[in-house]
Amino acid sequence: MNKLSKFINNPWIAYVFAAGYGLTNWVPDEPHLKAMFRGTVGEKLDLKNPKTFNEKLQWLKLHDKNPLYNTLVDKYRVKPWVAERIGVEHVTKTYAMWEEVEDIDITDLPDRFVLKTNHDCGGVAICSDRSTFDLDAAKKKLAKHLKTNYFWRTREWPYKDVKPCVFAEEYLDPAEGKSDLTDYKIMCFDGKACCEFTCTDRSEGDLRVDFFDPEWNHLPFTRHYPNADIPPKAPASLKQMVSDAELLSKEIPFVRADFYEVAGQYYFGELTFFPGGGFEEFDPSLWDEKLGSWIQLPDSIGGGVLPK
């Protein structure tokens, strides 16, 4: 289906396009989310009686305003919080932090390292070999990310007031024969891990996503991205990852905890409250409602039904 036919079938796509250019920042959160939902998922957003995973994520954006989340989404400032709970050995080393890209100095960094922004998605520059690393290109990319407030397009409120920075952290070696790390993502509902998924082939520009049940049986659905040709095997550290994810997610209606495994050791990646912004489709769609049934919306703010 070409772009014109997609627009004809769903003119709300124009709103999504406008949001990508910051033209909808003036729109209040609730009508913005409803318009985005129509344009991406292709359905009306039911906030009065949300049932699906995507609907409940939108509801949580509007109503679950735990101030701790501001720290938990901050990739730099969350590290001490995580280290205190699961052990510093499972948190990648941080070498330095800068608030402006002009201040970045890699002189004292190891030959391999990773530069990241703390407040958004995709602000990453990987140095696997200092002799070939293009620092100027990295600074240019990271400067663009520093100027972006991740909140406005998807209204994921925990990001709105995160103070942006760039930090340098430990480089993790991909497995032999692989160009990038496999992401192991644990989906936790009120502190209980109900399923996991993997992200593979990200650096190849052909991202593959595979969901598994707690026993690592492959689940028969996709969410926005195709499955891998061969489903990834369970990591050796799966039980420990799940245990730590459940510890980090206590008393949170939903959060995803990400990990990597390198040479038998596992490392924390990040915490995410709204995967895909709550705008990624399931196929078949019944899994959207299945995962949605695992989110118990807080009784203290309506038990899942918006106040009239």
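This is a predicted model: local features need pLDDT of at least 70, side-chain atom pairs count only at pLDDT 80 or more; totals for chains, interfaces and linings use all residues.
Local features need pLDDT of at least 70 and side-chain atom pairs count only at pLDDT 80 or more, while totals for chains, interfaces and linings use all residues. Residues are numbered from 1 along each chain as its sequence is written, and side-chain values use heavy atoms, with hydrogens and water left out.

**View 1. The open sheet of 5 strands is antiparallel and runs in the order β7-β6-β5-β9-β10.** Strands (E, at least two residues) and helices (H or I, at least four) are DSSP runs numbered from the N terminus; two strands pair if DSSP finds at least two bridges between them. Neighbouring strands are turned by 25° against each other on average, direction ignored; axes are lines fitted to C-alpha atoms, for helices over the stretch in contact, and angles run from 0 to 180 degrees between N-to-C directions. Strand β9 (residues 255-262) is joined to β10 by 6 bridges in the antiparallel sense, and F259 has F268 of β10 as its bridge partner.

**View 2. The open sheet of 4 strands has the order β1-β4-β2-β3, with antiparallel pairing.** Its edge strands, β1 (94-98) and β3, each pair on one side only. From one strand to the next the twist averages 15°. Between β2 and strand β4 (residues 166-170) there are 5 bridges, antiparallel, and L115 stands opposite A168 in β4. Helix α7 (residues 135-146) packs on this sheet and touches β2, β3 and β4, with its direction at about 25° to that of β2; contact means heavy atoms within 4.5 Å.

**View 3. H119 sits in the loop between β2 (113-117) and β3 (124-127).** H119 is buried, with a relative accessible area of 3% (buried is under 20%, exposed over 50%, partly exposed in between; 1.4 Å probe, protein chains only). The H119 side chain reaches two backbone oxygens: that of H145 at 3.0 Å and that of T148 at 2.9 Å. Leaving aside neighbours within four places in sequence, H119 is in contact with H145, L146, T148, Y150, Y159, V162 and P164.

**View 4. Helix α6 (residues 78-86) packs against helix α9 (residues 238-248) at an angle of about 120°, the axes being 10 Å apart.** The two helices are therefore oblique (under 35 degrees is roughly parallel, over 145 roughly antiparallel, 65 to 115 roughly perpendicular, and the rest oblique). W81, V82, R85 and I86 of α6 make the contact with D244, L247 and L248 of α9.

Note on methods: A polar contact is a pair of N or O atoms within 3.5 Å; within protein, one must be able to donate a hydrogen and the other to accept it, and residues adjacent in sequence count only if both atoms are side-chain atoms.
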